[in-house]
Amino acid sequence: GNNWNKGTKITKISDLQPGDLVFFSDDVDPIGHVGIYIGDGEFIHASSGSSYCVKISSLSESYYTRMYQCARRIL
């Protein structure tokens, strides 16, 4: 879907609040992954790696820094 363009756009990572949705590209799609920001530079998401689990990652990890596209505040 195109839910990444709904809600309020958060233009700076420093303005993120817990509950904001963070969107990432992947090797195929402009928006191929989404997570929920939980504060302190971290977000929770369903890993698409070998473990297929829900995990907490940091937005400062090089992969997520490179793939980060935007954030939205839906509520």
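Tyr64 is buried in this predicted model, its relative accessible area being 11%. The ring of Tyr64 pairs with that of Tyr63 in an edge-to-face arrangement, with 5.2 Å from centre to centre and 85 degrees between the planes. Both residues belong to a cluster, linked by ring pairs, that also takes in Phe24, Phe43 and Tyr68, and the structure holds five aromatic pairs.

**The pair of Phe24 and Tyr68**

- Among the aromatic pairs is that of Phe24 and Tyr68, which counts as edge-to-face because the planes of the two rings stand at 75 degrees, with the ring centres 5.9 Å apart.
- Phe24 sits in strand β2 (residues 21–24), whereas Tyr68 sits in strand β6 (residues 68–73), so their pairing ties together parts of the chain that lie 44 residues apart in sequence.

**Burial within the cluster**

- Phe24 is buried, with a relative accessible area of 1%, and Tyr68 is likewise buried, with a value of 18%, which falls under the 20% cut-off for that class.
- Tyr63, the ring partner of Tyr64, is partly exposed, with a relative accessible area of 37%.

**Ser51 and its loop**

- Ser51 is found in the loop that runs between strand β4 (42–46) and strand β5 (54–58), and with a relative accessibility of 48% this residue counts as partly exposed.
- Although Ser51 and Ile36 are 15 residues apart along the chain, their C-alpha atoms are separated by 19 Å.

Note on methods
Residues numbered from 1 in each chain as written. Predicted model: local features only at pLDDT ≥ 70, side-chain atom pairs only at ≥ 80, totals over all residues. Heavy atoms only, no water. Phe/Tyr/Trp six-rings, centres within 6.5 Å; stacked < 30°, edge-to-face > 60°. Helix = DSSP H or I, 4+ residues; strand = E, 2+ residues; numbered from the N terminus. Buried < 20%, exposed > 50% of the residue type's maximum accessible area, 1.4 Å probe, protein only.
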